[in-house]
Amino acid sequence: MNTVLKIAVAALAASATLGAFAKPILNETSGKEYRTLRDAVKRADSGDVLVINESLSVDSPLNPGDREITIKGASDDIVLTYNTTTSTGGYSSMIIFEKEVNEGVLNIQNVTFDGDGIDYDGNFVLVRNGGSLNLTDVTFRNFKTSATNGIIRALSNNKEEDANSSISLTNVKFADCSATIDVFVANNNTTVKMAGDCDFTISLNNAGGVAIEASGLTNTKPVKLFAQRRRAGKAIVKGCADTARFNWVDAPAGLSLAAVDGNLVAEDE
């Protein structure tokens, strides 16, 4: 091969490489690339969008702090595998919000989380004290926990007015998971929204005043609902009047779900 041809081939190869991602994570906002989600999240500014271009491991807890960060899969087959360990070799939460009120927001779209069958005795996802987690087109599979308060747990145990936590679940499903509850929502300062086709169990245990906002819910398979501490006349689901969308499996004796004024309410049978 002569020198001119070699130069031409090298230039062509370089040109092709420029169009490809050298690292699996692209900060779409800044244009920077990262090898790990930890680094991408740590160095993101509020408002940044992180695009995952290939499947990878989550090897340290994802924490938005006081920022709003969006993580989204570049295609439908992106899998994020749980592999989060502590310095002592134990396991820890995969997504966790700070204890302090910080109003951090984490938006996650178009990914599958794989728990790899690891048995963790805590919550894989912990939203608390003003944090907001918004999941869209997300599947959790192969997660196993002995924790009675869920694979995902959302709570607001700070009494400050701006400490309200929230979770939004749109087209969220749990597959081949082993847990007493998939999603656990605690206390009256926590908001939960559901939309699209959802498939999981959700508990409003210890959350007598919490109601699910579900105006956009389209599921055909009933969501298994645990809401023991309810009384007649109390709204459990707002914005949805279709009793077939929920299966209230632990209703107190004599109570059932009924459609009242566009909501689902605990009503005497």
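These legends go with close-up views of a predicted model.

**View A. Phe 140 in the largest nonpolar core.** Welcome to the inside of the model, where 64 residues make up the largest nonpolar core. Two of its members, Phe 140 and Phe 246, touch the most other members.

**View B. An open sheet of seven strands.** If you trace the sheet across, the order reads β7-β10-β13-β15-β17-β19-β21, with parallel pairing. At the edges sit β7 (95-96) and β21 (246-248), each of which pairs on one side only. Zoom in on β15 (residues 183-186) and β17 (residues 201-203), and you will find two bridges joining these parallel strands. Here Phe 184 stands opposite Ser 203 of β17.

**View C. The salt bridge between Asp 114 and Arg 141.** Of salt bridges, the structure holds six. In this one, the closest N and O atoms of Asp 114 and Arg 141 are 2.8 Å apart. Asp 114 belongs to strand β8 (residues 105-114) and Arg 141 to strand β11 (residues 132-141), so the pair ties together parts 27 residues apart in sequence. Are the two partners buried or exposed? Asp 114 is buried, because its relative accessible area is 9%, while Arg 141, at 30%, counts as partly exposed.

**View D. The salt bridge between Asp 199 and Lys 221.** Here the side chains of Asp 199 and Lys 221 meet at 3.7 Å, N to O. The pair links distant parts of the chain, 22 residues apart: Asp 199 is in the loop between β16 (190-196) and β17, and Lys 221 is in the loop between β18 (212-217) and β19 (223-226). With 22% relative accessibility, Asp 199 counts as partly exposed, whereas Lys 221 is exposed, with a relative accessible area of 51%.

**View E. Asp 242 with Arg 245, and two cysteines.** Asp 242 and Arg 245 form a salt bridge whose closest N and O atoms are 3.6 Å apart. Asp 242 counts as partly exposed, because its relative accessibility is 31%. For the cysteines, look at Cys 198, which counts as buried at 1% relative accessibility, and at Cys 240, which counts as buried at 6%. How many disulfides does the structure hold? There are zero.

Definitions and conventions
Residues numbered from 1 in each chain as written. Predicted model: local features only at pLDDT ≥ 70, side-chain atom pairs only at ≥ 80, totals over all residues. Heavy atoms only, no water. Core = buried A, V, L, I, M, F, W, Y, C linked by side-chain atoms within 4.5 Å. Buried < 20%, exposed > 50% of the residue type's maximum accessible area, 1.4 Å probe, protein only. Pairing = 2+ DSSP bridges. Helix = DSSP H or I, 4+ residues; strand = E, 2+ residues; numbered from the N terminus. Disulfide = S-S within 2.5 Å. Salt bridge = Lys/Arg side-chain N within 4 Å of Asp/Glu carboxyl O.
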